[in-house]
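Hi,

Here is the structure I promised to send over.

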Amino acid sequence: MKFITIDKKDWTKGIDKSRKTYQLFGPVKDENGCKIKELDKDLAPEMDYHESVMSAKSVLFPQTETLLTANLDESVEDHHIMKRAKNEYTPRAVLGIRPYDAKAILLVKLNFDTDEYRDPYWCDAYEATTLVGLGITHPGPFDFSTSVGSGPFGEEGLDILMADLDDHYLAKVLTPKGEAYAAACGFDAAADDKESQALFDILQLEAEKNITSRVETDKLKDKALLDLHEAPFWDDIAFACINCGTCTYVCPTCWCFDIQDETKQKQSSRFRNWDTCMSPLFTRHATGHNPRGAKVQRVRQRFMHKLKYFLDKYDQGIMCVGCGRCVKSCPVNIDIRQVAHTMNTFEKKD
Ligand code: SF4
Ligand code: SF4
């Protein structure tokens with residue numbers, strides 16, 4: 001770990017230099033807000049943004065991704081044999097990612113990179129990616145990241161953490177990937193480690209003071225799974241939901257997908273698309289049976305997965321980093337903080 005300073009006058013020149021070896025992603029503003037997108041040549045990241053509507057999850061898990069392809073032309077030797085699609089995993093860097101979104105990637109990794117199963121598409125993209133974070137000096141009103149083990153200057157999952165200090169960035173280089181990226185940019189002006197850490201600590205404390213929103217999770221682990229599953233409050237929670245799926249698409253820790261096959265002339269491909277557990281189609285079987293055919297079952301699934309199943313399975317906290325996107329985006333104001341409170345304080349009546 002070491003600190004470097006980056007004069008803002010050198011920032012764009014440096015990241016442009018890194019384009020020789022890295023594909024760049026970062027915050028881009030449009031009429032619908034800020035999203036983390038690929039930075040085409042000459043497009044610089046908007047580093048002065050507050051919140052992004054969408055997280056960086058699509059860098060590792062694109063909305064549509066081809067998995068396998070097959071040639072259906074019977075005149076070729078290996079026709080009809082499905083082969084892994086030739087996706088590119090060139091080095092890439094995500095600039096200006098928020099610390100809670102980097103932590104979210106680690107939570108998603110628990111699902112895509114296990115001892116029993118490794119999703120090669122997600123894992124290869126992860127290996128190729130360097131995460132350059134930007135601390136949050138002015139947290140928004142929906143941010144409750146400090147109560148779920150992240151925070152405005154959290155380091156988990158990041159390769160570099162930067163603080164915006166008006167005319168320059170102070171950067172804490174956390175991993176060899178971060179070192180390689182700083183070198184590719186030519187950012188090498190060393191800063192005093194002790195003074196820099198003290199400054200980071202102050203910035204973190206100041207930012208954390210502005211986060212007043214919290215989520216209660218301390219009793220969830222001890223609740224019996226079936227008691228929560230059968231609890232009477234789910235109808236009330238689900239009543240207003242319109243199953244639009246927005247909460248899951250904007251969530252950096254949601255990973256549901258659907259797999260489809262498509263054939264065009266002599267080429268067949270199998271691809272996956274983001275999907276949502278809030279949609280009735282997501283669990284409908286080919287027979288027509290649907291184990292989660294009712295809205296209340298789907299709403300319960302979303303919250304039980306995030307706040308109970310994940311917690312019980314991995315013992316690494318809840319499947320939420322407190323970014324607040326789902327709270328802000330839900331058209332009917334369903335709020336995971338209130339649901340967590342209801343679950344956390346629930347006592348089964350005998
Ligand atoms: S955003 Fe709100 S209304 Fe839409 S699926 Fe999620 S909880 Fe339901
Ligand atoms: S559940 Fe909501 S607050 Fe938590 S990480 Fe997902 S979008 Fe953010």
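Below are my notes on the ligands, a helix pair, a sheet and the aromatic rings.

First, the ground rules: this is a predicted model, in which local features need pLDDT of at least 70 and side-chain atom pairs count only at pLDDT 80 or more, while totals for chains, interfaces and linings use all residues. Residues are numbered from 1 along each chain as its sequence is written, chains are lettered from A and ligands numbered from 1 in the order in which they are written, and side-chain values use heavy atoms, leaving out hydrogens and water.

Let's begin with the ligands. Around ligand 1 you will find C241, I242, N243, C244, G245, T246, C247, M278, C330, P331, V332 and I334 (a residue counts as near if one of its heavy atoms lies within 4 Å). This shell has nine nonpolar, three polar and no charged residues. Here Ala, Val, Leu, Ile, Met, Phe, Trp, Tyr, Cys and Pro count as nonpolar, Asp, Glu, Lys and Arg as charged, and the others, Gly among them, as polar. The residues surrounding ligand 2 include F144, K306, C320, C323 and C326; by class, its shell has eight nonpolar, two polar and one charged.

Next, two helices (DSSP runs of H or I, at least four residues; strands are runs of E, at least two, and both are numbered from the N terminus). The axes of α1 (residues 8-18) and α5 (residues 176-185) come within 7 Å and cross at roughly 110°; axes are lines fitted to C-alpha atoms, for helices over the stretch in contact, and angles run from 0 to 180 degrees between N-to-C directions. That makes α1 roughly perpendicular to α5 (65 to 115 degrees; under 35 is roughly parallel, over 145 roughly antiparallel, the rest oblique). G14, I15, K17 and S18 of α1 meet Y181, A184 and C185 of α5, with contact meaning heavy atoms within 4.5 Å.

Now the sheet: four strands form an open, antiparallel one in the order β5-β4-β12-β11, where pairing requires at least two DSSP bridges between strands. β5 (83-84) and β11 (257-264) are at the edges with a single partner strand each, so one side of each has no neighbour in the sheet. Eight bridges join β11 to β12 (residues 267-274), and D258 stands opposite N273 in β12.

Finally, the whole structure holds 16 aromatic pairs (rings of Phe, Tyr and Trp, its six-membered ring, with centres within 6.5 Å; planes under 30 degrees apart are stacked, over 60 edge-to-face, the rest tilted). F61 and F257 make an edge-to-face pair, 6.1 Å centre to centre with 70° between the planes.

Best wishes
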